[in-house]
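Dear colleague,

Please find the model below, handed over together with my notes on what turned up in it. I would be glad if you read the notes with the coordinates open beside them.

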Amino acid sequence: MRNKKLNVILKSQQLFIEKGFQATSIQDVLDYCGISKGTFYNYFSSKTELLIEVLHHFISVNELERDALLVGKKTDDLTIFIEQVEHLLIFRKKQVFIHLFEEMFRTSDAELKKVLIYFRQRMVKWVAMRFVDIFGETRREYALDCAITFVGMLSTHLRFCLDKQKFTEQIRLVVMYSVNRIVEMMAVLPEKGEKLHSIEKLEKQLQTYSTRNNAFEQDLMRLISTIKTHLHKKDMSACTQLLEFVQEELLTNQNPRIFLIDSAVVSLNGQSAAKIPEMLQLTQLITNHFKKN
């Protein structure tokens, strides 16, 4: 069932991109995916829920590739962060997902708006935590303000990139320019003592959203990302594949296969990942999740 549902999600993503979400009817989805109405409603309660699943899948793949760029690298390396941001932006451009994002942001659907706000804030939090990695814990209290400013600069400047033929080149220029401004901000903010927002408050706000057990999803992705950065080179490839399998199974499968997840976790605990403190936290998180569900 998982593969069939994922196939519907992938095909619907393409259909929404080509035709637009509002212009696409459920019948269009049925015809394009070659499924019955009964199958559709077995997977999704509405067209909006389908779009939310499409969004979750797209962003999960995007974030997996983003995090893979950090595996085996130093977390405080500014050049790696720049590569990660460029990858996020280029990935969305190549997948032609930007236009669908723009349509979603104009929606009046309250449920969809809530999900979009959640993903936007999750992106800002990721940037803030990467700033803590790069600039150190002494700059933590300014990290979220700088993250909000950084994401805002990226979005606004990219809207003025009018030469679509050179969009990828312009992305690099915009990212570099925006990063340089953040470096300057981080140098002067402690002297001024100015701050507006805190990461802790954002974390609490993120946990208030109810879409797909976000608190669990957020903790899962944080732990997996941390484990990846601490893997030994000899076990990196095998462990990374296992971690990505666990993440995909838990976040994209409506009925996660517990025995396969358990097997993957046992394999991880038999390798260098077992020596990483977050591995124990991951094991406990998964165990508690299945107890609750």
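Is Glu244 buried, partly exposed or exposed? With a relative accessible area of 25%, Glu244 is partly exposed, where buried means under 20% relative accessible area, exposed means over 50%, and partly exposed lies in between, for a 1.4 Å probe and protein chains only.

Before the rest, a word on the basis: this is a predicted model, in which local features need pLDDT of at least 70 and side-chain atom pairs count only at pLDDT 80 or more, while totals for chains, interfaces and linings use all residues. Residues are numbered from 1 along each chain as its sequence is written, and side-chain values use heavy atoms, with hydrogens and water left out.

Overall picture

The chain holds 14 helices and zero strands, these elements being DSSP runs numbered from the N terminus (helices H or I of at least four residues, strands E of at least two). Of its 293 residues, 47% count as buried, and the accessible surface comes to about 15100 Å², with 53% of it belonging to carbon and sulfur atoms; these areas come from the Shrake-Rupley method with a 1.4 Å probe, and for residues only the protein chains shown count as cover. Among contacts (heavy atoms within 4.5 Å) between residues at least 6 apart in sequence, 70% join residues at least 24 apart.

Salt bridges

The count comes to 12 salt bridges, each defined as a side-chain nitrogen of Lys or Arg within 4 Å of a carboxyl oxygen of Asp or Glu. Glu244 takes part in one of them, meeting the side chain of Lys228 at 3.3 Å, N to O. This pair links distant parts of the chain, since Lys228 belongs to helix α11 (residues 214-229) and Glu244 to helix α12 (residues 233-252), 16 residues apart. Lys228 itself is buried, its relative accessible area being 2%. Elsewhere, Asp28 is bridged to Lys19, with the closest N and O atoms 2.8 Å apart, and Glu137, Arg140 and Glu200 are linked in a network of salt bridges.

Arg130 and its surroundings

Arg130 is found in helix α7 (residues 110-135) and counts as buried at 3% relative accessibility. Its side chain meets that of Asp133 in a salt bridge of 3.2 Å, N to O; because the two are three residues apart in helix α7, about one helical turn separates them. Asp133, by its 32% relative accessibility, counts as partly exposed. The side chain of Arg130 also makes a polar contact with the side chain of Gln84 at 3.0 Å, a polar contact being a pair of N or O atoms within 3.5 Å, where within protein one must be able to donate a hydrogen and the other to accept it, and residues adjacent in sequence count only if both atoms are side-chain atoms.

Aromatic rings

There are 10 aromatic pairs, for which rings of Phe, Tyr and Trp (its six-membered ring) must have centres within 6.5 Å, with planes under 30 degrees apart counted as stacked, over 60 as edge-to-face and the rest as tilted. Phe131 and Phe150 form an edge-to-face pair, 5.8 Å centre to centre with 80° between the planes. Phe131 lies in helix α7 and Phe150 in helix α8 (residues 140-159), so the pair ties together parts 19 residues apart in sequence.
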